[in-house]
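This report describes a strand, its neighbours and a helix. Look at the model first, then read on.

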Amino acid sequence: METTHRVFVGDSRDLAAIDDDSVELVVTSPPYPMIEMWDDLFTRLDPAIGDALEVGDGRRAFDAMHAQLDRVWDELERVLVDGGIACINVGDATRSVDDSFRVYANHARVLEAFESRGFDPLPDVLWRKPANSAAKFMGSGMIPPNAYVTLEHEYVLVFRKGGESRSFEPGADRRYEAAYFWEERNRWFTDVWTDVRGELQALSDDHDDLRNRSAAYPLEIPYRLICMYSAYGDTVLDPFWGTGTTTLAAMCAGRNSVGSELESSFLEVFDDRLDEVPALSRSVGRRRLERHREFVTRRREEGKSFEYRAANYETPVVTKMERNLQLREVAAVDTLEDADEGTDDRSTDEAAADANAVHGYRAEHAPLTLE
Ligand SMILES: C[S@@+](CC[C@H](N)C(=O)[O-])C[C@H]1O[C@@H](n2cnc3c(N)ncnc32)[C@H](O)[C@@H]1O
């Protein structure tokens with residue numbers, strides 16, 4: 001099996017290179033409005049944002065930043081198939097503007113934006129980041145009432161485009177082979193994730209500075225979401241691609257991907273990590289199988305039995321739906337030379353002048369084994 005992965009260097013407020021109804025899942029994390037590290041970026045997108053911050057009008061800056069994200073949400077509405085899912089990882093911001101401290105509720109504003117575009121909100125996930133230290137608390141120390149709660153969670157907002165779920169032909173292999181284990185369902189479909197950090201880290205630490213600058217999320221977040229909300233053969237879009245964690249997760253999960261990112265330097269980071277993808281995908285898949293075996297042992301120790309056996313792995317499973325589960329590993333990744341082909345309406349000259357605008361990759365996948 002083969003998957004393809006394309007990344008556009010460009011502005012996701014216009015995703016003209018991506019066809020209507022061509023994406024089954026969106027997994028992304030935008031720059032968070034009112035978090036200072038993104039002020040310059042938002043001001044580049046709309047100079048009025050810098051002006052609003054300068055005069056201490058936090059509310060106007062917040063609205064203007066979300067107006068930029070809204071243009072990307074418009075594009076998602078166009079490229080997602082009916083019944084397709086959008087998972088938006090976003091955190092709220094706390095900030096003092098003009099000497100007044102408050103929270104800017106990004107999650108509520110993004111929820112409103114998707115609802116007004118006809119998406120149905122689905123139950124969301126809170127993911128809890130690890131607590132740092134006692135020094136994190138803000139406000140008036142041990143004296144009431146002017147201290148503030150420290151935000152240590154982010155949201156994964158989940159939306160479905162349109163009122164109806166996607167349908168598949170009965171017994172569709174690409175859906176049943178993408179099944180997850182029963183105990184994974186119990187962990188993943190829980191509304192508070194406390195077990196994310198440190199679980200699946202990408203291998204290389206060489207580019208930690210750039211990863212920090214892009215506010216990269218842990219691989220586990222997009223990997224889980226991709227396994228939860230897409231089938232083999234599907235395409236996952238990340239319009240705020242950063243260092244490409246979503247594409248890395250899509251490769252590990254055996255799905256196609258497409259991304260768009262303003263900063264071309266982030267793409268170089270990704271290219272440097274390509275050699276590591278086969279080993280990463282193997283370790284991610286094997287860890288899932290090992291955890292399943294640990295679960296089988298625990299369940300047997302509790303005196304419970306299993307009714308079904310997996311067809312592709314030497315292991316029992318709890319439900320009939322898990323029987324055809326088939327994990328895949330990346331055997332090899334190549335860079336596509338002709339990634340530009342057919343992606344837009346530009347003349348050859350224009351495309352040649354912009355040779356770095358599209359990066360393409362092809363991943364070859366093999367069934368994952370434990371040996
Ligand atoms: C929070 S970061 C995403 C990090 C990413 N999830 C990762 O793991 O590396 C947001 C990214 O969106 C990019 N960005 C912001 N506005 C954009 C736009 N209009 N079009 C394309 N990319 C944009 C930023 O450059 C930044 O890399």
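Strand β9 (residues 235-238) pairs with β10 in the parallel sense over four bridges. Strands pair here if DSSP finds at least two bridges between them; helices (H or I, at least four residues) and strands (E, at least two) are DSSP runs, numbered from the N terminus. The model is predicted: local features need pLDDT of at least 70, side-chain atom pairs count only at pLDDT 80 or more, and totals for chains, interfaces and linings use all residues. Residues are numbered from 1 along each chain as its sequence is written.

Strand β10 also runs parallel to β1 (residues 2-9), joined by five bridges. The table lists one residue pair from each pairing.

| Strand paired with β10 | Bridges | Residue pair |
|---|---|---|
| β9 | four bridges | L237 and V258 |
| β1 | five bridges | F8 and S260 |

Is β10 enclosed or open? Six of the six residues of β10 (residues 256-261) are buried, so the strand is largely enclosed by the rest of the structure. A residue is buried if 20 or more other C-beta atoms, placed from the backbone, lie within 10 Å of its own. N256, V258 and S260 cover one side, and S257, G259 and E261 the other.

Helix α11 (residues 277-301) has 25 residues and reaches 36 Å from its first C-alpha to its last, close to the 36 Å expected at 1.5 Å a residue. The expected span is 1.5 Å times one less than the number of residues. Buried residues of α11 include V277, P278 and H292. Just after α11, G303 takes a positive phi of about 80°.

Definitions and conventions: Buried ≥ 20, exposed ≤ 12 C-beta atoms within 10 Å, placed from the backbone.
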